[in-house]
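These are notes for a colleague who has not looked at this model before. Please keep the sequence and the structure open while reading the points below.

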Amino acid sequence: MILDATLAYLHFTAVFVLFAFLTTQVVLMRAPLDAKTIRLLGRVDIWYALSAAAVLLTGLLRLGFGAKGADFHLGAWPIYVKIGLFIAVALLSVIPTLEFVRWRRELDHDAAWQLPAERQAKMRRIVMIEVHLAALIPVFAVMMARGLGRG
């Protein structure tokens, strides 16, 4: 029982940290970005990726070693929606990550470079889509945990 509680705590903490970094990206991209903020955005994106890896790892550990066991979860469709949403968010997050790298490279080549507002707005929209898709995952987690969709 203590292992299950520990894994649940670690998983929930990883999810909260992931949302913190994702929200930080959204907030940073509200205003025009200067060189310092673009570099900060890149660092936040790295931490976001690491938190996503922690969510995945702790989720797999819960699946394998949690009290309900893999059969309970894998026998219900909500887990497949959760996995699909997680993959969709992960794939979508590649776009801003690559763009943030491009922005840093632009700054490294030309310190006077200014980020075009339309590029920033496009990346902010993509991150907002990530937020909204990620926000759906807990809905299906609640369904899955209560045994809904089994059968």
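1. The model is predicted, so local features need pLDDT of at least 70 and side-chain atom pairs count only at pLDDT 80 or more, while totals for chains, interfaces and linings use all residues. Residues are numbered from 1 along each chain as its sequence is written, and side-chain values use heavy atoms, with hydrogens and water left out.

2. The chain has five helices and zero strands, where helices are DSSP runs of H or I with at least four residues and strands are runs of E with at least two, numbered from the N terminus. The order from the N terminus is therefore simply α-α-α-α-α. The C-alpha trace spans about 60 × 30 × 20 Å along its principal axes.

3. Of the 151 residues in the chain, 34% count as buried. A contact is a pair of heavy atoms within 4.5 Å. Among contacts with a separation of 6 or more, 80% come from residues 24 or more positions apart. The chain exposes about 9000 Å², and carbon and sulfur atoms supply 71% of that area; the areas come from the Shrake-Rupley method with a 1.4 Å probe, and for residues only the protein chains shown count as cover.

4. How many salt bridges does the structure hold? There are three, a salt bridge being a side-chain nitrogen of Lys or Arg within 4 Å of a carboxyl oxygen of Asp or Glu. In general, side chains of opposite charge can pair when their charged atoms come close.

5. Asp108 and Arg39 meet through their side chains in a salt bridge of 2.9 Å, N to O. This pair links distant parts of the chain, with Asp108 in helix α4 and Arg39 in helix α2, 69 residues apart. Asp108 is exposed, its relative accessible area being 57%, whereas Arg39 is partly exposed at 30%.

6. Glu99, Arg102 and Arg119 are linked in a network of salt bridges. Glu99 lies in helix α4, residues 78–109, and is buried at 8% relative accessibility. Arg102 is partly exposed at 42%. Between Arg102 and Glu99 the closest N and O atoms are 3.0 Å apart, and both residues lie in helix α4, three residues apart, or about one turn of the helix.

7. The side chains of Arg119 and Glu99 form a salt bridge of 2.8 Å, N to O. Arg119 lies in helix α5 (residues 117–145) and Glu99 in helix α4, so the pair ties together parts that are 20 residues apart in sequence. Not counting residues up to four places away in sequence, Glu99 touches Arg119 and Met123.

8. Which side chain of opposite charge is nearest to Asp45? It is Arg104, 6.5 Å away, and Asp45 is buried yet has no salt bridge; for charge, Lys and Arg count as positive and Asp and Glu as negative, with His and the chain ends not counted. Asp45 sits in helix α2, residues 35–65. Leaving aside neighbours within four places in sequence, Asp45 is in contact with Gln25, Thr97 and Phe100.

Note on methods: Buried < 20%, exposed > 50% of the residue type's maximum accessible area, 1.4 Å probe, protein only.
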